[in-house]
Amino acid sequence: KAKQQGRNTYQLYTEDLDNKLSRRVTLRSELQEAIEHGQLSLHYQPLLDRENRVVGLEALVRWHHHSKGFISPATFIPMAEETGQIIPLSRWVMRKACQDAQRLVTQGLLAGRMAINLSPLQFHRPNFLSTLRNVLDETGLAPTHLELELTEGILMHDTDGAIDILHALNGMEVSTSIDDFGTGFSSLSYLRDLPIDKIKIDRSFVKSAAKSDKNAAICQGVITLAQELDLRVVAEGIETAEQHDYLMSLGCEVFQGYLFARPMPLDSLSSWLAAPSS
Ligand code: C2E
Ligand code: MG
Ligand code: MG
Ligand code: MG
C-alpha cells in the first residue's frame, strides 16, 4: 500500500512539474511573440517634489496577453532575464520611452527626466553605451531628460565595469538612481565610490514607516546617509497621506505612489499632466 501511495505521489509531482514546465515554455514563446508583434506597452508614473510638482516620470512595461490578460512585469522580467529575451525587450522599452519623453518635452509637458529601469544583462553588455547614444540621437531626446534606474545587483556584479559605465553616463549628463534601495544586502561603501545621483527607498520600508519603529529607522537612516553623501532620495510606493507626511517630516525630497498617480498610458498621462494643479 505504501508503495502504491509513493508512486501516486511521484506521479502527481511529475505531472505538476510537467505542467509548470510546459506553461513556462508556452509563456516564453508567447513573450517572444509579444516582443516581435508589439503587444508590449509602457505605462508612466509621475514623481513629485515636496511642493507636489512633477519632477519626473518612470516608464513601466506592461504585457497584455490575448487570453491571460495582464501579466505583471514581476513575472515576465525575471523570466526574460533568464532567457535573454530581456535584450530585445529592453531595446524596445528604451526606444519607446525616449520617443514618448521627447514628445512630452516638445509639448511642454515634461521638464524633468524620464526614468527607465535597466536589467543587469542589458547594463553589462559591451554595446550598452553605444546603443543608448543611438537611441538618444534617433529620438532627439536630450540626455538631461533621461534617468536610468539600476539595482544593487547590477552594481555588485562586475563593480569595476559598472564604475566605468557610470562615469560615462555622468559625463553624458544622464542621471542614475538606485532602485529598491535597502533590499540588496550590499555593502554601503559603493555609495561613496560610485557616481550615482539618487536613491529610491524600497516600498517595503515606506509601507509601514509611519507604523513600525524598525522601518522608520531604516527610512530615517537612508535619508540621513543620502543627505551626507549629497544624493537625492525618492520614496516609492506612497499610498497614504500618513506615509507622505511622515517621509516629508524625515526630509525626503521626491515621492512616487498611488496616492498621487498610478502608472498610466501616454494619453491619460498627457491629460493628467496638462490638467491644472494636477
Ligand atoms: P520598480 O522599478 O521598483 O517599480 C515600481 C513598482 O511599484 C511598479 O510595479 C509600480 O507600478 C508599483 N507601484 C508604484 N506605486 C505604488 C504604490 O503606491 N503601491 C504599490 N503597491 N505599488 C506601486 P510594476 O509596474 O508591476 O513593476 C514591477 C517591477 O518590474 C519594477 O519595479 C521593475 O523592477 C520591473 N520593471 C518594470 N518595467 C521594467 C522595464 O521596462 N525594464 C526592466 N528591466 N524592469 C522593469
Ligand atoms: Mg524602478
Ligand atoms: Mg522601485
Ligand atoms: Mg520596487
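This is a predicted model: local features need pLDDT of at least 70, side-chain atom pairs count only at pLDDT 80 or more; totals for chains, interfaces and linings use all residues.
Trainee: Where in the chain do Asn-117 and Glu-149 sit?

Mentor: Look up the element that holds each residue. Asn-117 belongs to strand β4 (residues 113-117), and Glu-149 to strand β5 (residues 146-150). They are 32 residues apart, so the pair links distant parts of the chain.

Trainee: Is Glu-149 buried or exposed?

Mentor: Check the relative accessible area. Buried means under 20%. Glu-149 has 2%, so this residue is buried. Asn-117 has 30% and counts as partly exposed.

Trainee: Which residue bridges the magnesium ion (ligand 2) and the magnesium ion (ligand 3)?

Mentor: Asp-179 does. Those two ions lie 3.6 Å apart.

Trainee: Which residues are the protein donors of the magnesium ion (ligand 4)?

Mentor: Asp-180 (OD) and Glu-236 (OE), at 2.2 to 2.8 Å from the ion. Asp-180 is in strand β6 (residues 175-181). Glu-236 is in the loop between β8 (232-235) and α11 (241-249). The two residues are 56 residues apart. Asp-180 is partly exposed at 26%, whereas Glu-236 is buried at 11%. From this ion to the magnesium ion (ligand 2), the separation is 5.9 Å.

Trainee: Now helix packing. At what angle do α3 and α5 cross?

Mentor: Compare the helix axes. Those of α3 (residues 86-106) and α5 (residues 128-139) cross at roughly 35 degrees and come within 9 Å. The crossing is right-handed.

Trainee: Which residues make the contact?

Mentor: List each side in turn. Helix α3 gives Met-94, Arg-95, Cys-98, Gln-99 and Gln-102. Helix α5 gives Phe-128, Leu-132, Val-135, Leu-136, Glu-138 and Thr-139. By type, the contact has 6 nonpolar, 3 polar and 2 charged residues.

Trainee: How many helices and strands does the protein have?

Mentor: There are 12 helices and 9 strands. The radius of gyration is 21 Å, close to the 19 Å that the globule rule gives for 278 residues, so the protein is as compact as a globular protein of that length.

Trainee: What share of the residues is buried?

Mentor: Buried residues make up 45% of the 278.

Terms used: Residues are numbered from 1 along each chain as its sequence is written. Chains are lettered from A and ligands numbered from 1 in the order in which they are written. Side-chain values use heavy atoms; hydrogens and water are left out. Donors are N, O and S atoms within 2.8 Å of the metal (3.2 Å for Na, K and Ca); water is not among the atoms, so sites may look incomplete. Helices (H or I, at least four residues) and strands (E, at least two) are DSSP runs, numbered from the N terminus. Buried means under 20% relative accessible area, exposed over 50%, partly exposed in between (1.4 Å probe, protein chains only). Axes are lines fitted to C-alpha atoms, for helices over the stretch in contact, and angles run from 0 to 180 degrees between N-to-C directions. A crossing is left-handed if the near helix is turned anticlockwise from the far one by less than a right angle, and right-handed if clockwise. Contact means heavy atoms within 4.5 Å. Ala, Val, Leu, Ile, Met, Phe, Trp, Tyr, Cys and Pro count as nonpolar, Asp, Glu, Lys and Arg as charged, and the others, Gly among them, as polar. The radius of gyration is taken over C-alpha atoms; the globule rule is 2.2 Å times the number of residues to the power 0.38.
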